[in-house]
Amino acid sequence: MIEVFYVADLKQFIMNKDPKNEWHELVDRIVSSKSFGKSAVYVNLLRFLVESTLNEDVPKETAIAAHLFGKDKPTQDTSQIRVYIYHLRKKLHQYFEEEGDLETYTLSIPKGGYEVELSQKAKGRKHQTIRWLPVLLVSLLIVSFGLNAYLLWSKGAIVRTGFTESQAFWTDFIETDVPTMAVLGDLFVFVEKDLATGVARTIRVPDVNDQAQYEAYRDSVANEGLELDELSYTYLIKNSVDWVDRLTRVFFGKKNFNTRVISRVDARDLHDYNMVFIGMQKTAGMFNDYFNESRFSLLNEGRRGYAITIDGEEKVYQPFGDADQKHTDYGFIAKYPGPNNNVVLMFGGIWDTATSQSLEMLTNPAKAKEVEDYLMKEFDEVPPYFELLIEVSGIDRVGFDSKIVYANKVDF
């Protein structure tokens, strides 16, 4: 039997046990545990929800956003707050299943709200996991997936993301016989062996992002007793899964597309496919050659960023803040003509925050409509080819507020 305390009982519990002592010790044990992780964002969020509950002032999503990101920039995309709460619930559950398995009380945030709930385990019983429940849930998920897949195919995949064939940014990809290739920016890694000790390790150097940079770095350490060797695999950042998912929702039921990493793409592919690149700008490889003809410049010396000259004055846009905390990032969206009557669509960012947000701006139907309206206002049309610089406010590598800083109509 589980005994549940609500706000009044929670206050009584604190008064009886005196936690400005015991209560804070419980929270401290949670946030310092390995299963909870090291993100200050979730520590801040948990403490805020706890204090709000104790004050009988359960916050709304906008209040949570204002607390996390500052009152000057409360997010309008409350779905991102729900994502944070979802992960916080998982962290709490994991703690009480692992390090906190012997705790007298469990802490949770019931679905449907943001009020903290304190539950006491029954005396003499250890919190038990219902072992048959995961099996049942997996079975239901399999059945649900099969049923939804059948319905999607039987109805011609009408249910996708709200996109239609007339969506301005994707028509050139859907209404054509030219195949599409989605290219993911992967991270360049290699083996470094210490000839003196024989120790080999896999490493990544931030300024080494392609073969030419790797060879230059290899030459620079040739006299340092190090031997470098290439690997047959590369690394993808975790957001790559979301990128492929978003593109699949655009093309599902309309067109197949191949997916490759940038290190496995060459100039012949650029000639034969309509290309969609998604990745941090430093991983874009040959796609960065388009900056040679762009109004924008890509800064590679020191801190990376974008620059553009307007009325004789150069403006530089570089990310600032801590990417794992509150920060501002800059992203780049561009549509260019390819070399063989094909199309290149680029979604880039200096960090992965703006990279993901740039893709969302053209794959989320509502946001894509906002971009379309912006271009119509600027140019009285949606240009066939264009460049957009976007500013993204984020936290913990998740983007929230975004705005277009500059738009350029491309005439190649």
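How many residues of the lining of the largest cavity are nonpolar, polar and charged? The lining divides into 3 nonpolar, 3 polar and 2 charged residues. The model is predicted.

**Cavity**

The count comes to 1 cavity of 30 Å³ or more. The largest cavity has a volume of about 30 Å³. Its lining consists of Gln 281, Lys 282, Leu 298, Leu 299, Asn 300, Arg 304, Gly 349 and Ile 350.

**Second largest pocket**

The second largest pocket holds about 560 Å³ of space. Its lining has 18 residues, and those nearest the centre of the pocket are Gln 80, Val 83, Asn 239, Arg 397 and Val 398. Helix H5 (78-97), H9, H11 and strand E17 (398-409) each give two or more residues to this lining. The largest share, 5 residues, comes from H5. By class, the lining of the second largest pocket has 4 nonpolar, 8 polar and 6 charged residues.

**Helix packing**

Two of the elements that line the second largest pocket, H9 and H11, also pack against each other. H11 packs with helix H12 as well. The table sets out both pairs.

| Helix pair | Angle | Distance between axes |
|---|---|---|
| H9 (residues 240-251) and H11 (residues 352-363) | about 10° | 10 Å |
| H11 (residues 352-363) and H12 (residues 365-379) | about 85° | 5 Å |

Angles under 35 degrees count as roughly parallel. With an angle of about 10°, H9 and H11 are therefore roughly parallel to each other. On the H9 side, the contact is made by Trp 243, Arg 246, Leu 247 and Val 250, and on the H11 side by Thr 355, Ser 356, Leu 359, Glu 360 and Thr 363. The contact of H9 with H11 has 4 nonpolar, 3 polar and 2 charged residues.

How are H11 and H12 placed, roughly parallel or roughly perpendicular? Angles of 65 to 115 degrees count as roughly perpendicular. The angle of about 85° between H11 and H12 makes H11 roughly perpendicular to H12. In this contact, Gln 357, Glu 360, Met 361, Leu 362 and Thr 363 of H11 meet Pro 365, Lys 367, Ala 368 and Val 371 of H12. By class, the contact of H11 with H12 has 5 nonpolar, 2 polar and 2 charged residues.

Glu 360 and Thr 363 of H11 take part in the contact with H9, and Glu 360 and Thr 363 also take part in the contact with H12.

**Aromatic pairs**

The structure holds 20 aromatic pairs. One of them is formed by Phe 188 and Tyr 214, with 5.6 Å centre to centre and 40° between the planes, and this pair is tilted. Phe 188 lies in the loop between strand E4 (180-184) and strand E5 (190-194), while Tyr 214 lies in helix H8 (residues 211-220). The two residues are 26 residues apart, and the pair links distant parts of the chain.

Key. Residues numbered from 1 in each chain as written. Predicted model: local features only at pLDDT ≥ 70, side-chain atom pairs only at ≥ 80, totals over all residues. Heavy atoms only, no water. Axes fitted to C-alpha atoms, helices over the stretch in contact; angles between N-to-C directions. Helix = DSSP H or I, 4+ residues; strand = E, 2+ residues; numbered from the N terminus. Parallel < 35°, antiparallel > 145°, perpendicular 65-115°, else oblique. Contact = heavy atoms within 4.5 Å. Nonpolar A, V, L, I, M, F, W, Y, C, P; charged D, E, K, R; others polar. 1 Å grid on protein atoms, 1.4 Å probe; cavity = no way out; pocket = protein on both sides within 12 Å on 5 of 7 lines; lining within 4 Å. Points joined across faces, edges and corners; volume = space filled by probe spheres on them. Phe/Tyr/Trp six-rings, centres within 6.5 Å; stacked < 30°, edge-to-face > 60°.
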